Amino acid sequence: MHHATLFPFILIFMINTSAAEVFNSIQHKSFIACGNTIMRLNCSSTNDILRIIGANYGRFTSFLCHPNSWPTPSSQWDLQCSAGGSFAIASERCDGKPTCTLKPSTTLFGDPCTTTPKYLEVLYRCVGMYSVNIVYHNLT
């Protein structure tokens, strides 16, 4: 796990998760996809579904996904680069499914920093399909 890149997710954690989920964060998984590769998220149990906790398409470090052919030198990259709708897009496409694919591209996420190569980082967990939407009804 790359701890330096998880820093941006702290705020997302606080906004998008309950206290129980933050407490159980050891069960969260992080996946990083460089360039135009395809990210495949899946839950190993057949009864589990994906729950997206955080996502960022952009760049927060120069160490990950370092394309040698990029025309702009890494010293000039924007390391505070973040596509604003990353979490919403990843959630819309993956939440509630047992598997999901995402392609980190400007076509899907937009281009928040044109002179910087970007990668997609998704933080997720697998939850029991039947424990997600429990609704209690008063039968009196």
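Trainee: Quick one to start: what is the torsion about the S-S bond of Cys81 and Cys113, and which hand does that give the disulfide?
Mentor: Keep in mind that this is a predicted model. The torsion there is about -80 degrees, so the disulfide of Cys81 and Cys113 is left-handed.

Trainee: And where in the chain are Cys81 and Cys113?
Mentor: Cys81 is in strand S4, while Cys113 is in the loop between helix H5 (106-109) and S6. The two are 32 residues apart, and the pair links distant parts of the chain.

Trainee: How far apart are the sulfur atoms of Cys81 and Cys113? And are those two cysteines buried or exposed?
Mentor: Their sulfur atoms sit 1.8 Å apart. Both Cys81 and Cys113 are buried.

Trainee: Okay, zooming out. How many disulfides does a search of the whole structure find?
Mentor: The search turns up four. As a reminder, a disulfide is a covalent bond between the sulfur atoms of two cysteines.

Trainee: What is the pairing if I number the bonded cysteines in sequence order?
Mentor: Counting along the chain, the pairing reads 1-3, 2-8, 4-7, 5-6.

Trainee: Tell me about Cys43 and Cys126. What is the distance between their sulfur atoms?
Mentor: Cys43 and Cys126 form a disulfide with the sulfur atoms 2.2 Å apart. The link is left-handed, at -95 degrees about the S-S bond.

Trainee: Which parts does the pair of Cys43 and Cys126 tie together?
Mentor: Cys43 lies in the loop between strand S2 (39-42) and S3, and Cys126 is in strand S6, so the pair ties together parts that are 83 residues apart in sequence. Cys43 and Cys126 are both buried.

Trainee: What about Cys94 and Cys100, what angle do they have about the S-S bond?
Mentor: The angle is -45 degrees, and that link is left-handed. The sulfur atoms of Cys94 and Cys100 are 1.8 Å apart, and each of these cysteines is buried.

Trainee: Switching topic: what is the phi of Cys65?
Mentor: Cys65 has a positive phi of about 45 degrees, although it is not a glycine. You can find Cys65 in the loop between strand S3 (48-59) and strand S4 (81-82).

Trainee: Is Cys65 buried or exposed?
Mentor: Cys65 is buried, with a relative accessible area of 15%. The cut-off for buried is under 20%, so Cys65 falls within that class.

Trainee: I was also looking at Arg125. Where is it, and is it buried or exposed?
Mentor: Arg125 belongs to strand S6 (residues 119-128). Arg125 is buried, at a relative accessible area of 9%.

Trainee: What separates the C-alpha atoms of Arg125 and Ile49?
Mentor: The distance is 8.3 Å, with Arg125 and Ile49 lying 76 residues apart along the chain.

Trainee: Now the overall layout. How many helices and strands does the chain have?
Mentor: The chain has five helices and six strands. Starting at the N terminus, the order is α-α-α-β-β-β-β-α-β-α-β.

Trainee: What share of contacts comes from residues 24 or more positions apart?
Mentor: Such residues make up 79% of the contacts in the chain with a separation of 6 or more.

Definitions and conventions: Residues are numbered from 1 along each chain as its sequence is written. This is a predicted model: local features need pLDDT of at least 70, side-chain atom pairs count only at pLDDT 80 or more; totals for chains, interfaces and linings use all residues. Side-chain values use heavy atoms; hydrogens and water are left out. Helices (H or I, at least four residues) and strands (E, at least two) are DSSP runs, numbered from the N terminus. Buried means under 20% relative accessible area, exposed over 50%, partly exposed in between (1.4 Å probe, protein chains only). Contact means heavy atoms within 4.5 Å. A disulfide is a pair of cysteine sulfur atoms within 2.5 Å.
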